[in-house]
Structures are given as C-alpha cells and as structure tokens.
Amino acid sequence: MSAFDTNPFADPMDVNPFQDPSVTQLTSAPQGGLAEFNPFSETNAATTVPVTQLPGPSQPAVLQPSVEPTPQVLLTKASKFLPTRFLAVSKLSERQMLLGGDSILRDSYMQKLPKAVASAAQASLLRQQEELDRKAAELERKERELQNTVANLHVRENNWPPLPLWCPVKPCFYQDFSTEIPADYQRICKMLYYLWMLHSVTLFLNLLACLAWFLVDSSKGVDFGLSILWFVIFTPCAFLCWYRPIYKAFRSDNSFSFFVFFFVFFCQIGIYVIQLIGIPSLGDSGWIAALSTLKHNLAVSIIMMVVAGFFTLCALLSLFLLKRVHSLYRRTGASFQQAQEEFSQGIFSNRTFRSAASSAAQGAFQGN
C-alpha cells in the first residue's frame, strides 16, 4: 500500500525552497519585537549586511541617447502593412528621402505605375471624351430644332381649306385655334366657325329645296337660279367678310377688325331674317314659300320647312353670338377712336396704298 501513497507526478529531485540554509538561518534567528527595535543602536549597525560589489572597475551611470529611426527603417517596417504597389519607393536612399520629400515619392510612384493603371486611366479619358462629344452633338441637334421651330413660327404654311395634296388649288389661309387664339376666346371663336359651317350647309339645303320646288312647279326657275347664286356667293363671302375679321380680332386684339365684324355680321342677321321669311322670287325656302307649297306638294313643303327651320336657327345663333362677342369686346376697353387709329396706321403702312398715293401725287404735280 505504500506504493500507492507516493505521488506518481512528483519530481524525484524536487527541492523544497524553504529548506534553503539562508532561509532557515533567518527564520531560526531570534527576533525582538517591534517595540525593542532601535534603528540607531550599534548592534543593529554591526549586523548590517554589506552590499556585494561586482568585480571590475566601477563606472558611472550613463543615460543612453535615444536614436530616432531613419525614414528608410520606418519605410521598411511599414512595408509589412502597405500594398505591393507602394513598395517601389523603398529603394530610395535615406538621403533621397530627406532631400526630396513628397516630390520624390510622387515621381517614384508615377515611374513605377503599372501599365494596367495607365491603360485604365486612358480608357476613362476616352469614355469622358466620347460622352462630351455625344452631349455636344445632342446640343447641336436641339439648337437646329429650335432654329427650325422659330423659322416655322415666322413662315407658316397655309392649312385652310384642307385640300388633298394632289389638288392643284392650294390652301389660302392659316388657321390654328390653339396657337393663335388666346384661351379665353377660343370657345367663342370656334362657335363662330361652326356657325359659318351651318350657314354653308343651310345654303346648300336651300339649293336642294328650291330644286325640288322647281321640279313640281316649273315657274319657280328663278328661285332655283337665285339659290345657286346665293350658295356660290354667300358661302365664301361670309367666311371672308365676318368670320376672318373676328378671327383676326381675337388673334391680335384689333379694334378695327371688331368693327368690321359687327357691321358685316349685323347685315348677315338681316339676310337671315329675309331668308327665313321666304319672300317668293328671291330664291329662299322660307316659311311663306313652304306654306304656300303645302297645298300643291306635301313632301316639297316639308323639305322647305326644314330649310326654313335652319334659317331660323342661324338667325337665333347669330343674335346670341353677336351679343357674346360684343360683351367680350367691351371688356377689352376698345373704342371707336382706337379703331380709327388702327385703320389709319394699317392704311399708311400698306405698301400698295403708299405707291398708289405717290403715283397720284406725281401725276397731279405734272398736270399742274
């Protein structure tokens, strides 16, 4: 059992540090209490252990000066943490590092710059140049479009009447409500345009009604001939004499054009009244002519009544629109004096009128 009492992990040469003679001497020596200790007694002085002096001559303590590492040493130590492309500058000497500074580092880095980086920088410059060229071309294209737009604003091709391209007769007027007419006047201007279209349709229906009247009564040839004349004359005259002036008045706020419209349109309303009455031998299928035909032919009478209804509708719409235009004209603050001034300016600025006036003045002077 004694074999099991021993420590298998113990060192057979183990030495107890507390069994050292120096330790046992100090622990076995009699020590007095703290109260009996006198630091100034000779007994304690005699027992003072002298300091062991090292062999050899004694030397005074010298403070070693601190040595600052050179830039080459610092760079060598920092190379462990820098990328490979920065290690090229480590070949610089200490003198170059001290004298050259940042410029030497920059020059060395640029000299050792890899070709891949240079090619990438060149490719980036080429892409930027291509982008600049593309933007310059885009700006030039927009500038050309803007110039063409400005030119088109000054020189506009006529678009009315809308005729096919193969037709030898070309459009005579330019008409665009959205670009030429202010937003406040576009609705009333379109209504007047639709009134002119209704006026043209009514005259055409009047021609057909008079034709039917002439077929059932051969004595009504004069009415049929006059209906053709009214359709040929009144359709373009209405467009030129009262629709175009009001279109120009709304477009340029021209007082003289307003006065022309008022005068001609008032006469047009009078013509509508005569046409809806239907006086015989005037080429109109009015109410009197329609009722007089009722006892001879019912179908022709109904056709003439429809035309008389169209004349009545044109007269009522004309009165309504005349009132609307007059109210808009009063809001603009225009006057008859302003219309006279615009008329005189237009006359004297007309080249044809000035040439005719100068020719007349020269002829009168030569005659005298």
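This is a predicted model: local features need pLDDT of at least 70, side-chain atom pairs count only at pLDDT 80 or more; totals for chains, interfaces and linings use all residues.
In which hand of crossing, left-handed or right-handed, does α10 pass α11? I found that the crossing is left-handed.

**Entry: α10 against α11**

I stayed with this pair. Helix α11 covers residues 255–277, and α10 packs on α11 at about 145°, their axes being 8 Å apart. I listed who meets whom: F234, A238, C241, W242, P245, I246, K248, A249 and F250 come from the α10 side. Their partners in α11 are S257, F258, V260, F261, V264, F265, Q268, I271 and Q275. Sorted by class, I get 14 nonpolar, three polar and one charged residues in this contact.

**Entry: the link between them**

Next I looked at the loop between α10 and α11, where D253 sits. D253 has a positive phi, about 55°, and is not a glycine. Its relative accessibility is 43%, so I put D253 down as partly exposed.

**Entry: T235**

Back in α10, which spans residues 221–252, I picked out T235. Is T235 buried or exposed? It is buried: the relative accessible area is 13%, and the cut-off is under 20%. Leaving out residues up to four places away in sequence, I see T235 touching W196, H199, S200, L203 and W230.

**Entry: α9 against α13**

I then turned to α9 (residues 186–216) and α13 (residues 298–331). Their axes lie 9 Å apart, and the packing angle is about 160°. Angles over 145 degrees count as roughly antiparallel, so that is how I describe α9 and α13. α9 passes α13 in a left-handed crossing. I sorted the residues of this contact too, and got 24 nonpolar, four polar and one charged.

Which peptide bond is cis? I noted the one from W160 to P161, with omega near -5°. P161 falls in the loop between α7 (115–154) and α8 (177–180).

S281 also went on my list, as a residue other than glycine with a positive phi, near 70°. I placed S281 in the loop between α11 and α12 (287–292). With 47% relative accessibility, S281 counts as partly exposed.

**Entry: the whole chain**

Last, I took the overall numbers. The chain has 15 helices and zero strands. Of its 368 residues, 22% are buried. I took contacts between residues at least 6 apart in sequence, and 58% of them join residues at least 24 apart. The exposed surface comes to about 27100 Å², with 64% of it supplied by carbon and sulfur atoms.

Key
Residues are numbered from 1 along each chain as its sequence is written. Side-chain values use heavy atoms; hydrogens and water are left out. Helices (H or I, at least four residues) and strands (E, at least two) are DSSP runs, numbered from the N terminus. Buried means under 20% relative accessible area, exposed over 50%, partly exposed in between (1.4 Å probe, protein chains only). Contact means heavy atoms within 4.5 Å. Accessible areas come from the Shrake-Rupley method with a 1.4 Å probe; for residues, only the protein chains shown count as cover. Axes are lines fitted to C-alpha atoms, for helices over the stretch in contact, and angles run from 0 to 180 degrees between N-to-C directions. Angles under 35 degrees count as roughly parallel, over 145 as roughly antiparallel, 65 to 115 as roughly perpendicular and the rest as oblique. A crossing is left-handed if the near helix is turned anticlockwise from the far one by less than a right angle, and right-handed if clockwise. Ala, Val, Leu, Ile, Met, Phe, Trp, Tyr, Cys and Pro count as nonpolar, Asp, Glu, Lys and Arg as charged, and the others, Gly among them, as polar.
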